[in-house]
Amino acid sequence: MEDDPRSAPVIRRMPLTLANKIAAGEVVQRPASAVKELIENAVDAGASDIALVLKGAGSSLIQVRDNGSGMSPEDAVLCFSRHATSKIVRAEDLEDIRTLGFRGEALASIAAIAQVTLRTRRPTDEQGTCVRIDGGLLAGNEPCAAPPGTSIDVRNLFYNVPARRNFLKRPTTEFRHVSDTFQAQAMANPWIAFSLESDGQKMFHLSRARSEEFSDALRERISALMGTEQARQLVPVQESTSYLSVTGFLGRPEHARKTRKTQFLFVNGRPVRSASIRHALVSAYDALLEERRYPALVVFITADSRHVDVNVHPAKAEVRFDDDRGVYNLLHSIARRALGVADLVPQYSRSTREASVQRQTWASQFWAPPRESGLHTTQFEGTQTSIVYAPDRSSAPQNAKLEEMPLLWQLHDRFILTRLRSGLMILDQQAAHERILYERALESLQSGLGLSQQLLFPQYITLNRPDYELLQAIQLHVTALGFSIELAPGCRVGISGVPSDVRTGAEKDLLRELLEQYKSNEEDEQLDSRENIARSIARCGAIRLGARLGTEEMRTMIDRLFQCKQPYRSFGGNPTLIQVTLEELTARFASVSPKDEGRG
């Protein structure tokens with residue numbers, strides 16, 4: 001009797017090469033993931049000099065060279081085995097992890113999906129070892145000449161996992177992720193020299209910090225990465241408790257940006273992602289920050305490793321504390337005190353900041369001369385609508401009589417309200433201004449003739465290398481918007497002219513914010529460079545919440561909005577205005593049933 005095929009086992013042991021490919025999906029999600037693991041290995045090896053070389057944003061080549069301890073010939077082969085590590089031996093070691101790596105998965109995962117060559121030599125050895133791995137399989141192992149330390153080349157990442165390779169973003173986007181990873185590692189190790197070269201161009205060359213105090217060394221590294229001007233704008237924070245200690249810097253609220261690119265968090269020297277830690281620090285600013293603005297954060301948290309769990313995810317970017325709520329409250333209080341010592345909290349309270357913003361006038365800086373008071377007819381959602389403008393008065397005072405209230409006024413320094421014959425129109429001033437600036441930018445980019453106003457004295461800024469390279473790449477678009485800029489050696493940029501609708505005094509901030517917004521928009525693969533920069537200038541140049549407008553500014557904004565091709569939506573799809581009809585208002589007041597009348 002033949003064996004019943006249904007009795008054959010269906011569970012089989014997975015081939016090691018397949019298992020490593022699957023595991024690599026958790027550890028190596030993109031080139032930046034491999035860069036992170038390789039730099040961490042170099043740091044753990046005691047290197048004082050680490051060089052990163054990229055080709056094709058890391059998809060063609062990732063090379064990391066260090067002058068660390070190196071490896072023996074035996075370890076050079078064993079390090080590519082899964083769960084092979086020198087960092088831990090016993091289960092108890094997980095409770096006292098002092099190294100960046102410890103799982104023994106990184107090199108095995110990288111080697112499973114790339115072609116890897118490792119050259120290494122210990123200082124005491126006469127010759128080095130060269131090991132080659134192709135798709136997880138040993139392809140070569142022989143002696144070679146090598147300087148002390150380790151050099152590892154990762155070529156053709158995901159070459160044997162085409163599905164994963166197809167999910168990689170554009171090279172500019174992938175390079176942004178690599179650059180962010182590199183900067184975080186460089187920030188965490190100011191006494192290590194770092195360099196980054198991409199496609200033959202030197203992007204960063206960071207010398208070892210000279211200061212012996214960590215906070216001073218960190219400020220040196222921040223200056224090298226972000227620029228001296230940015231470093232001077234930081235508020236130091238340094239405090240210790242029995243549970244943890246905090247060292248680092250907080251950005252001043254007036255220099256907050258529209259992205260989180262300048263926020264770096266570290267726990268026991270490890271770069272981490274933590275929404276809870278970030279919220280604890282940012283919420284300490286309270287009303288100091290404008291909406292959708294993010295301060296710079298470079299914060300190092302040191303705690304007993306028995307209170308911290310870093311074994312949360314293979315990427316080791318997440319951590320947990322045994323008292324998360326207590327850590328949140330403690331960090332919030334420490335940040336609050338640091339800002340208070342810097343006299344930021346009383347100086348920039350909500351009432352003071354709003355009063356300062358409300359004093360700004362926008363008509364001469366953003367708008368053409370307004371039309372006279374009277375009746376203006378336009379099209380609203382396909383129907384003719386008459387907008388009755390009020391006399392030239394600002395927002396009505398609280399003690400104004402009802403008959404004195406203007407027919408065009410501002411609500412909470414955010415919405416513009418005006419009477420229609422059919423009811424009421426409510427306009428979102430920020431969304432409306434974004435739509436106006438967006439369409440104006442598209443016209444300027446199309447014609448190449450954006451209106452510009454020349455500055456009496458040129459302004460100069462110094463960018464970091466990636467931002468400088470980005471500005472070079474989009475310089476033609478920036479010029480078409482109305483900027484007059486000159487690129488100088490040392491990543492310096494001279495600004496002699498700006499778009500005509502940029503308010504005076506914002507030249508430096510606007511160009512920086514434009515680059516930050518452009519980088520943030522690059523995550524959207526549907527945007528070409530022209531669309532990206534039009535959206536970026538609109539988002540950066542639009543008036544913000546809390547800006548008080550006079551009646552003339554409000555009247556002119558409505559005029560400009562209805563001159564747009566698509567006046568009813570911002571480029572992000574949000575409505576710029578809504579209409580409330582008399583019928584809707586009447587229905588709302590008539591919704592109370594007779595039996596409810598008289599109830600108090």
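## Packing of helices H14 and H18

In this predicted model, helix H14 (residues 429–447) packs against helix H18 (residues 529–541) at an angle of about 140 degrees, with the two axes 8 Å apart. Because of that angle H14 is oblique to H18, a class that remains once angles under 35 degrees (roughly parallel), over 145 (roughly antiparallel) and 65 to 115 (roughly perpendicular) are set aside. Axes here are lines fitted to C-alpha atoms over the stretch in contact, and angles run from 0 to 180 degrees between N-to-C directions.

On the H14 side the contact (heavy atoms within 4.5 Å) includes His433, Leu437 and Leu445, while on the H18 side Arg530, Ile533 and Gly541 are among the residues involved. By class, nine nonpolar, three polar and five charged residues make up the contact of H14 with H18.

## Cysteines

The count of disulfides, taken as pairs of cysteine sulfur atoms within 2.5 Å, comes to zero. Cys491 has a relative accessibility of 9% and therefore counts as buried, a word that means under 20% relative accessible area with a 1.4 Å probe. Cys564 is buried too, with a relative accessible area of 11%.

## The chain as a whole

The chain holds 20 helices and 24 strands, which are DSSP runs of at least four residues (H or I) and at least two residues (E), respectively. Of its 600 residues, 50% count as buried. Among contacts between residues at least 6 apart in sequence, 68% join residues at least 24 apart.

## Basis of the values

Residues are numbered from 1 along each chain as its sequence is written, and side-chain values use heavy atoms, with hydrogens and water left out. Because the model is predicted, local features need pLDDT of at least 70 and side-chain atom pairs count only at pLDDT 80 or more, whereas totals for chains, interfaces and linings use all residues.

How values were computed. Ala, Val, Leu, Ile, Met, Phe, Trp, Tyr, Cys and Pro count as nonpolar, Asp, Glu, Lys and Arg as charged, and the others, Gly among them, as polar.
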